[in-house]
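Thanks for coming. I will go through a few contacts in this one and then stop for comments.

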Amino acid sequence: MIRFAWLQARTQTAAAVAVLAAAAVLAAVTGPRLLHFYDTVVATCGPHNDCASVTTTFLSSYRLLQVILQPTLLVLPALIGAFWGAPLVARELETGTFRLAWTQSVTRQRWLAVKFALAGLAGMAIAGLLSLILTWWFSSIDQVQLNRLTPGVFGVRGITPIGYAAFAFALGVTAGVLIRRTIPAMAATLVVFTGIRLAFSVWVEPYLIAPLRVTAALVMPTANGPAATPGASAIKAGDLVVSEQVINAAGRVIGANGGIGPNGEIGIQVTHGTPSLRGVGACPNKFPPLGGGLRGSGGQPPADFNAAVQECINRLGVREVVTYQPLSRYWPLQWDETLIFTGLAIVLAGLSFWQFRRRLT
Amino acid sequence: MNAIVETGAVGKKYGRQWALRDCTLTIPAGKVVGLVGPNGAGKTTLLQLAAGLLTPTSGTITVLGGQPGTSPAQLAKVGFVAQDAPAYARLSVAAHLRMGDWLNPDWDGELAGHRIERLGLDPRQRAGSLSGGQRAQLALTIAVAKRPELILLDEPVASLDPLARREFLQSLMEVVAEHGTSVMLSSHLIADLERVCDYLVVLVASRVQLAGEVSELLASHHRLSGPRRDPGTLPANQEVIEASHTDRQSTLLIRSDGPVLDPAWTIRPVTMDDLVLAYMSRARDAETSRRPGLEVVR
């Protein structure tokens, strides 16, 4: 049965190996140069060099290849699900060949088990190998960008693609068993997989391990842009900020991302000569007289006014709560995500076997 | 008598629709069994139950002493040629034979190779580009080379042209002659069955209307024609299957244990065609009379 499953999967295996080989060749040709550039120029960039422009040059090297390689692992699991998983049973049903296959001297349970295991493991292996290649190729770029925990990058490096491939494949088989038609099953697989993957990366992934929490004063944005992230000493470069909430003295959430209220602004309102912080309450401190209006030199409020606002914020007890995942949790998070998707794949495998027995006799 | 297929009130339901219901029959070994009946009688369902592709909703079915499709050994004992002889369009003829080799413990590769050669099939040709007749022959080859005790064929010649049909049935007969395999095939073309079958089962609306050796059936049925008379006046050992009357003449198809002695009758032998049609129309008439008819309201 293994040989026959292999015979049937020749074309798709060849396609996958071709993709893998192309990626390997591209990576092997360009990867060492990229790493060399990083090791010799970027990593050794000292205070006397123009590090910003060096970094920019480095990041823009092999720009086209970056754009091509980055999404391959994003779509690969979906393709494995749609082109390997969905037709596995559905095509046999559609073309009637199940009547040929299931009347040979192999029970159909064994037929499905072998095909499922073989194609599923092959899909996982291909996703894993491609991830190995790409993780290595992007290693220096990731080192510079420090974004390994962001959803777009987290799922296309390390071991997570293996879990996605397993899940997408099992989803495809299940869709094929339930829908019994190849094209609709493929479409359903793509839609459901994309939906679950997106939803998971937004709503579940950051919370796989309870994020760390740091509370700090809310700092006014300066003329140069937003204030530095509070608790900057706790949150290091490369950590993933999960949420930034603004709370009042009672601990109630009154805003997000460094602002108060739905508009996310910090506003001072003067009524009957008393300044108050919009959305919070009257300021307990005195404000400097605003002789020249709010517009100081350069169109910005004068410095002493800003200081008064900051003092008002502090004295009203308005603070910011930031939750974040430290970069040190990268591998535990990778394992959690991979195991969850592999677990879902096993559940779907059970479901498809059960439905296969129940509905197709 | 050792039965190859034995069913006990077997039934199969798809959703709320019964495809086969309360079907009880026994088929003896060593025969070429023709399964005839109108469309929707349950022939395909019965064959797929016997092949193990379907499991019964109710009742029992035993094939060669085992439950169909439950074990590799059971599957190995039964060869199945499905309707329209499905094959993997993208795999070559040779790949299909390799499949047979890999999936069947008793595979006779020599036999398969010889058959393909004799049929003039190119082993490298993809199954998708074979003609209907060639594909049916390929399917038969796979079913035969697994060396089963029973071969089931579901409408094997329905979609073939007359020449391919004759060739197919001929090669089926060769297999039977060489290996003594039992065969059960369904068809609604009685002429085809007449050529190959020695046992006949007429199935109408899941019920077996007639079953028996073809030679015995033909010997025990007669077509009588003579002056008009009431069929009720016939001797007790003569059962009327079909009767038609004109003003002066009666034509009957009867089943009789003994010879017909009444000199008023002109006796003619029946053909298989006559038999099947007579039993099918009798079953249909019984079906219609069971339903409430229209009544005239005064």
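This is a predicted model: local features need pLDDT of at least 70, side-chain atom pairs count only at pLDDT 80 or more; totals for chains, interfaces and linings use all residues.

On the H5(B) side the contact is made by Gly132(B), Gly133(B), Ala136(B), Gln137(B), Leu140(B) and Val144(B). Facing them in H6(B) are Ala164(B), Glu167(B), Phe168(B), Ser171(B), Leu172(B) and Val175(B). By type, the residues of this contact are seven nonpolar, four polar and one charged.

Now the geometry. H5(B) covers residues 132-145 and H6(B) covers 162-179. Their axes lie 10 Å apart, at an angle of about 10 degrees. Angles under 35 degrees count as roughly parallel, so H5(B) is roughly parallel to H6(B).

Next, the two chains. How many residues of chain B are in contact with chain A? There are 22, and they meet 16 residues of chain A. On the chain B side, helix H2 (72-77) and helix H3 (93-103) each supply at least two residues. The largest share is from H3(B), with five residues. That side of chain B is made up of 16 nonpolar, three polar and three charged residues.

Last, the cores. The largest nonpolar core has 138 residues, and the members touching the most others are Ala165(A), Phe169(A), Leu152(B) and Val202(B). Leaving out residues up to four places away in sequence, Ala165(A) touches Leu76(A), Pro77(A), Ile80(A), Gly123(A), Met124(A) and Ala127(A). There is also a second, separate core of ten residues, with Val246(A), Cys283(A), Ile313(A) and Val318(A) among them. As background, nonpolar side chains tend to be buried together in soluble globular proteins.

That is what I have. Comments, please.

Definitions and conventions: Residues are numbered from 1 along each chain as its sequence is written. Chains are lettered from A and ligands numbered from 1 in the order in which they are written. Axes are lines fitted to C-alpha atoms, for helices over the stretch in contact, and angles run from 0 to 180 degrees between N-to-C directions. Helices (H or I, at least four residues) and strands (E, at least two) are DSSP runs, numbered from the N terminus. Angles under 35 degrees count as roughly parallel, over 145 as roughly antiparallel, 65 to 115 as roughly perpendicular and the rest as oblique. Two residues are in contact if their C-beta atoms, placed from the backbone, lie within 7 Å. Ala, Val, Leu, Ile, Met, Phe, Trp, Tyr, Cys and Pro count as nonpolar, Asp, Glu, Lys and Arg as charged, and the others, Gly among them, as polar. A nonpolar core is a set of buried Ala, Val, Leu, Ile, Met, Phe, Trp, Tyr and Cys residues joined through C-beta atoms within 7 Å. A residue is buried if 20 or more other C-beta atoms lie within 10 Å of its own, exposed if 12 or fewer, and partly exposed in between; C-beta atoms are placed from the backbone.
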